[in-house]
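Thanks for asking me to look this one over with you.

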Amino acid sequence: MRCHAAPDIPGRPMPTATEDFVRGIWKENPTFVQMLGMCPTMAITNTVKNAVAMGVLTLIVQFGSNVFVSMFRKRIPNEVRISTYILIIATFVQIVDIGAEAIMPDMHKALGAFIPLIVANCLLLGRQEAFAAVNTVWRSGLDGIGMGLGFTLGLSTVGTVREILGSGSWFGIRVMPAGFEPWAIMNMPPGGFLGFGLVLLALAWWKDRAARRAAVRSALGRPAATTALEEVTV
Amino acid sequence: MTSSTTSGARETLPMRDDSVPSWQLLLTLTVAGAIAGLAVVTLYDWTRPRVEAHKAAVLREAIAEVLHAPARADTLWLSNGKLSITRPTGDDAKKAQRVYLGYDAADKPTGYALQVVEPGFADPITLLIGYNASRRELLGMKVLESKETPGIADKIVLPSFTTQFRGRVSPLTGIKRDESAKMASDRSAVVMITGATISSRAVVRGINRTIAHWQPYLDAYGPAGGTSHDTLAAGGKR
């Protein structure tokens, strides 16, 4: 049986558990940095509630399949790994689909065809290949939760923009003044692109501003490069 | 290169000594598939009663709404060209079309609940209507499923649209908002939603088509067929 490549680059210190966990939430956020899983990002972010539900379901699948792939990583021959990973992912998606129908039927109906489509979310297979296949169960589990939370954060951020503009509410609670005329387009598919674009624009502006401020600071000879900058320069 | 190949003097490539035998690849996939199948089927069987119970509750609630809280409702199955209270056996049971007949507390039939499925602007719109077959009168309407354009055509689920169907006579005709004065004189008129004409017309078309399909079967069915509905005459005032 062929072994997988060594998990870590020699000479680089082993990432801590916190780093494994936090990576997906911020530094390698699936939505804003890796730009993976765009289909649910566009389709299922019309309300924050839908976005959170989709994020949590993806988290469960990501965590479960990460743990399983990692657990059997030395038993799965390289030659059939894609089929096996996809089978593991698909099984978890099916489990989540059946479970959601039994536990929260209304939400299951609202998410409709997008639960089965979690199978085709490239974030999942991407993490199996890049991480779970070469790391321990513990680290893969943390990575899965981190990535899932990052994805949930990404979806709910876009969902926040879309729901406030499209329905004048947040998580079903009215937040806009009574005179506010909702932008119907934000509830429709183009609203997905608009909402996502607005969030990316805001992030890019913020990163740019932080970089410029740091540049000014270092030019003035003050202690430069805050940790905050490193965090935003993803 | 080519000459060496044609001359037959091939160099043997170094064989990978760590190659996995085919049976092991097959075994991996077989075992993974079996475990996956077992997990999915077990969970499916385990959750099925709960899911079915929920679906039945949703349907019961919808029937209660369109027939205005009947004391009970029977399911009638269409088999061999007529309605029957007995459930068809075998494969037919799943495929058979059905209607629901509501009764009041005095066990008099109050009306049928019919399901309507009609292609809308986006996806099929599913409705449930309450219907008095002898008076050809709608008793109520509820949208069960609609994926019509959010913010515009999803208004078909709002009471402002659905409540006007009560007391309307089949076949329905859709009229524009500025003609709504006709509602009083024309008992078949329903007011369409401005900006959602396709969706609201789909609702009217679907209801008309469904009633046209069922009317002969409902007329032929004894208990609540051609006879008058005293209970409705008393309770169905507009």
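**Notes on the two chains**

1. Start with the order of elements in chain A: along the sequence, the pattern reads α-α-α-α-α-α-α-β-β-α-α. That makes 9 helices and 2 strands in chain A. Please keep in mind as you read that this is a predicted model.

2. Next, how much of chain A is tucked away? Of its 234 residues, 40% count as buried. Contacts also reach across the sequence: among those in chain A between residues at least 6 apart, 74% join residues at least 24 apart.

3. Now pick out two helices of chain A, H3 (residues 48-71) and H4 (residues 81-103). Two packed helices are described by the angle between their axes and the distance between the axes. Here the axes of H3(A) and H4(A) come within 9 Å and cross at roughly 140 degrees. The crossing of H3(A) with H4(A) is right-handed.

4. Which residues of H3(A) and H4(A) meet? On the H3(A) side they are A:Leu57, A:Ile60, A:Val61, A:Gly64, A:Ser65, A:Phe68 and A:Val69. Facing them from H4(A) are A:Tyr85, A:Ile88, A:Ile89, A:Phe92, A:Val93, A:Val96 and A:Ala100. Sorted by class, this contact has 12 nonpolar residues, 2 polar ones and no charged ones.

5. The two chains also touch. In that contact, 21 residues of chain B are in contact with 22 residues of chain A. On the chain B side, the residues divide into 12 nonpolar, 7 polar and 2 charged.

6. Strand E1 (residues 72-79) pairs with strand E3 (residues 98-103) in the antiparallel sense over 6 bridges, and B:Trp77 stands opposite B:Arg98 in E3(B). E1(B) also pairs with strand E2 (residues 82-84), again antiparallel, over 3 bridges. There, B:Leu78 has B:Leu83 in E2(B) as its bridge partner.

7. Look at the turn too: E1(B) and E2(B) form a hairpin with 2 residues between them. In this turn, B:Asn80 has a positive phi of about 50 degrees.

8. Finally, find B:Val20 in the loop between helix H1 (2-7) and helix H2 (22-66) of chain B. Why does B:Val20 count as partly exposed? Because it has 15 C-beta neighbours inside 10 Å, whereas a buried residue needs 20 or more and an exposed one has 12 or fewer. For a sense of distance, the C-alpha atoms of B:Val20 and B:Leu158 are separated by 63 Å, and these residues are 138 apart along the chain.

Definitions and conventions:
Residues are numbered from 1 along each chain as its sequence is written. Chains are lettered from A and ligands numbered from 1 in the order in which they are written. This is a predicted model: local features need pLDDT of at least 70, side-chain atom pairs count only at pLDDT 80 or more; totals for chains, interfaces and linings use all residues. Axes are lines fitted to C-alpha atoms, for helices over the stretch in contact, and angles run from 0 to 180 degrees between N-to-C directions. Helices (H or I, at least four residues) and strands (E, at least two) are DSSP runs, numbered from the N terminus. A crossing is left-handed if the near helix is turned anticlockwise from the far one by less than a right angle, and right-handed if clockwise. Two residues are in contact if their C-beta atoms, placed from the backbone, lie within 7 Å. Ala, Val, Leu, Ile, Met, Phe, Trp, Tyr, Cys and Pro count as nonpolar, Asp, Glu, Lys and Arg as charged, and the others, Gly among them, as polar. Two strands pair if DSSP finds at least two bridges between them.
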